[in-house]
Amino acid sequence: MCSGFAGSQGESMMLFLGFFAFSLAFISSAAERPRKPFESGVTLSHSECRSGWSKIQLATSSVRGAIGNLQGWSICSATNDRVLEPCPAKRATGLTSVDTKEKPFVCDRCPKSFTRKDLLVRHERLAHDSSPAAATPESVPTAPAEPVSDGLNVLASAVTDHPFSPTHEAVLPATHAAFPIASAAEPAPFTEPFPHEGDDFTSFLDSIPVPSHPYSPTYQPLPLFPALQFDSGSEYPSSLGHGGTATPYSSVLPRHGTQLPSLHLEESQPPPSRNRPLKGPIGVTTQCRDRLVSELRNYANVIPNQNIPSRHALSRCLTGYVTGYHDHYPFLHIPTLNIEKTPLHLVLSMAALGAQYCREPDTSISLFYVAKTVTLEHMRRDLQWTGSRKTVSANQSQDILETVQSLLMLMSVSSWFEHYPPHYEGLYLRSQLETLLRKDGLNTLPRQDGSWESWIRNESAKRTKLIVFCFFGIQTIVFDVPPGILSEEITLDLPCTEKEWTAASASEWMQCRQYGRGSPRLQDALTSLFTRIPSAGGQLESFTSLGGLVLIHAIIQDIWLIQKACRVPITSLEQALENWCQCWERNQESSTDPFNPNGPLSFTSTALLRLAYIRLNADFSSARRLQTFNPDEIARSLRQNLKVQRSDRLTRAALHCAHALSTPIKLGINYVARTLVVSWSNQYALCSLECAVLLAKWLEIATVKNPEPRLTEQETKLLEFVIEMVMEAQHEVSRSWLLENNTRLSAVVTRLWARLFTADYIYELVNLIGRSLNSYANLLENVEAT
């Protein structure tokens, strides 16, 4: 037994003495400040409050130290944190503060405390983060005299040799009229090695606790490199310095750098599933279904067999759309959605898409063909392009918008299957959608009169057009087809925040607007990403979740176009990705949690960021061959048509891939595949295919016997990290067995990736990726056998 107070008695005494110390400190602060004449009370300034709080902390730490000595706790002299010095009984069990529910990490701005330091950092970023204008000298470090490199370039220091020298030249011209020629020289490498947390896989696993409940699956850390070895005792209250300049510590990782995003929630917050705006079921009344049936009779010439599901089935399918698809492509305004007034073709398209998320493929296919026929016939009757230049009326513009939304939903159903429905249906509808979108005006939006209703119409039209741009980008990634819309054609503003978009009333919307800032134009944001100098002010500081998704798709489109035109590796876009990372970090809605209350868009954006960085090192576009839906052909194409060469840049890309795989290994790949991945956007699987193959390619050239030149220190550490990661997932393998030849480790890692995508997924394309990776692993094993 431990000596001293029992746990409950000691904590009660600590609370009492802490409150007593708080009172003394407050009275002392008030007494020291002279009152003005006729002053009825005492009002403390900000600095006095901080001084008083410091006294409170000093007094409280003394009390905690006294009681902690009785309970087996001590106070760290360097950090003033309460540290567990276990008694023999606790030392035997290996309990930590997480197990005992102790909260030794106290916020210096409010009375909240936490079990781990990374939770404290997360709380400070979300609860106390302030804008640059409101920052004070005490809370924001002064910007360095010389420009610093952060984001991707700083994080890349983990796998290079010398500090990177940031260039102040524009990466692309502001007009994007011409693409630069790729530099033949490699960037100067860094000198800093991996931080100690990344030296071995065991310490990395120890930094990511197992989630305490099934709705805390922040399993994918932001797919970037470990931060530099910063002083772990330092605090970085803001990622911006005075005047909006970046500080040395502004990065996409938490401000304490070496700790990956936590899998635990803050104790004061409910699970993410409760934080999300509630989406109740969409009911279809008998009168509503009768209306749909009556309108469907008008299309008897093209739909002779007019059978639609019951109202209960329609309600289920429409609810599946809202709960499954809408979060990934939020262009409909769900709080004001009225099915009773929604046109027939849009209702049927929503139901066809929602049936997929209800796991009713037969119902989905039946509704898909009915919805497609009605939509195309409606276009032929009412929206056919006559060639005249007449101005489109407001009613016709709304009709065009709803038809575009219907076509987008039908494309979402048909683009990811080989036969039912076939994927070429999606490519056919793509041309119809593009034509209709250009007829209404690619950058034309409904007018606003200041009301909530007019704002909804305007924002919905903007979101629809930008999401169409993103969806065309996904088809370019998958099928290697030219982009339907170029980013240079779009002059719209970026979308609003998700809080504004999900506001359920005009008053709630106005309240969200008070704390929001206006969204920049897409072209201005792109220009800022490509030309920003770290020390320059007046640049893009942040973006919304959907805005970030649009921008990363625009960057990926630029990568695709440059690779097709130049056929050479490109390096000039790294600065744009670095700037994108910094803006992502400053977005208060950003999260690597796919169940983030503000939606999964920021989570999906990080997967696309990883894909963009990988494509800077290898051109996967022509080698994927996903349009064949033949896993063996896809694997052979990836094996034969994709070549890589050792370089610092390739090592950094391989480190992206290794970190993306490491956390599902900690949580259990089978668990993640069957419970979490099924609800994520298929864009995640598309990005993971390239991660798996690039990591396998790197391992092949890194594990050859007596490589020339010899492996660098960073390559060696990354290889050790991957080996320990594999041994964690497969306990029976040994290091010597894995390194017996240069294909065995690659094959094992590829099969680990494949296990993530072998469950029963909604879209066939996701399963195709899993089967293709297994076929790729078979090819590697055949090489080993021969």
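The second largest cavity in this predicted model is lined by F469, G473, T476, I477, P483, H553, I556, Q557 and W560, where a cavity is defined on a 1 Å grid over the protein atoms alone as a set of points at which a 1.4 Å probe fits but cannot get out, and lining residues have an atom within 4 Å of a point. Its volume is about 70 Å³, taken as the space filled by probe spheres set on the points, with grid points joined across faces, edges and corners. The search of the whole structure returned 6 cavities of 30 Å³ or more. Helix 15 (452-479) and helix 19 (545-566) each contribute at least two residues to the lining of the second largest cavity; helices (H or I, at least four residues) and strands (E, at least two) are DSSP runs numbered from the N terminus. The lining comprises 5 nonpolar, 4 polar and no charged residues, with Ala, Val, Leu, Ile, Met, Phe, Trp, Tyr, Cys and Pro counted as nonpolar, Asp, Glu, Lys and Arg as charged, and the others, Gly among them, as polar.

Residues are numbered from 1 along each chain as its sequence is written. Because the model is predicted, local features need pLDDT of at least 70 and side-chain atom pairs count only at pLDDT 80 or more, whereas totals for chains, interfaces and linings use all residues, and side-chain values use heavy atoms, with hydrogens and water left out.

Apart from residues up to four places away in sequence, Q557 touches F469, P483, I485, L486, S487 and E488, contact being defined as heavy atoms within 4.5 Å.

The largest nonpolar core contains 168 residues, of which L551, W580, V722, W753 and F757 touch the most other members; such a core is a set of buried Ala, Val, Leu, Ile, Met, Phe, Trp, Tyr and Cys residues joined through side-chain atoms within 4.5 Å. Helix 25 (residues 682-702) gives the most to this core, with 14 residues. At least three residues of the core come from each of domain 1 (286-441) and domain 2 (624-782), the bounds of which come from an automatic or database domain assignment. When neighbours within four places in sequence are left aside, W753 is in contact with C657, A660, L661, S688, C691, A692, L695 and L773. A second, separate core of 7 residues includes W452, W455, I456 and W501.

Backbone geometry was also examined. Most residues other than glycine have a negative phi, and most peptide bonds are trans. A cis peptide bond joins Y420 and P421, with omega about -10°, and P421 is placed in the loop between helix 13 and helix 14 (424-440). Another cis peptide bond joins E708 and P709, with omega about -5°, P709 being in the loop between helix 25 and helix 26 (713-729). D480, in the loop between helix 15 and helix 16 (498-501), has a positive phi near 55° and is partly exposed, with a relative accessible area of 21%. F629 likewise has a positive phi of about 55° although it is not a glycine, but F629 counts as buried at 5% relative accessibility.

Methods:
On a 1 Å grid over the protein atoms alone, a cavity is a set of points where a 1.4 Å probe fits but cannot get out, and a pocket is an open set with protein on both sides within 12 Å along at least five of seven lines; lining residues have an atom within 4 Å of a point. Buried means under 20% relative accessible area, exposed over 50%, partly exposed in between (1.4 Å probe, protein chains only).
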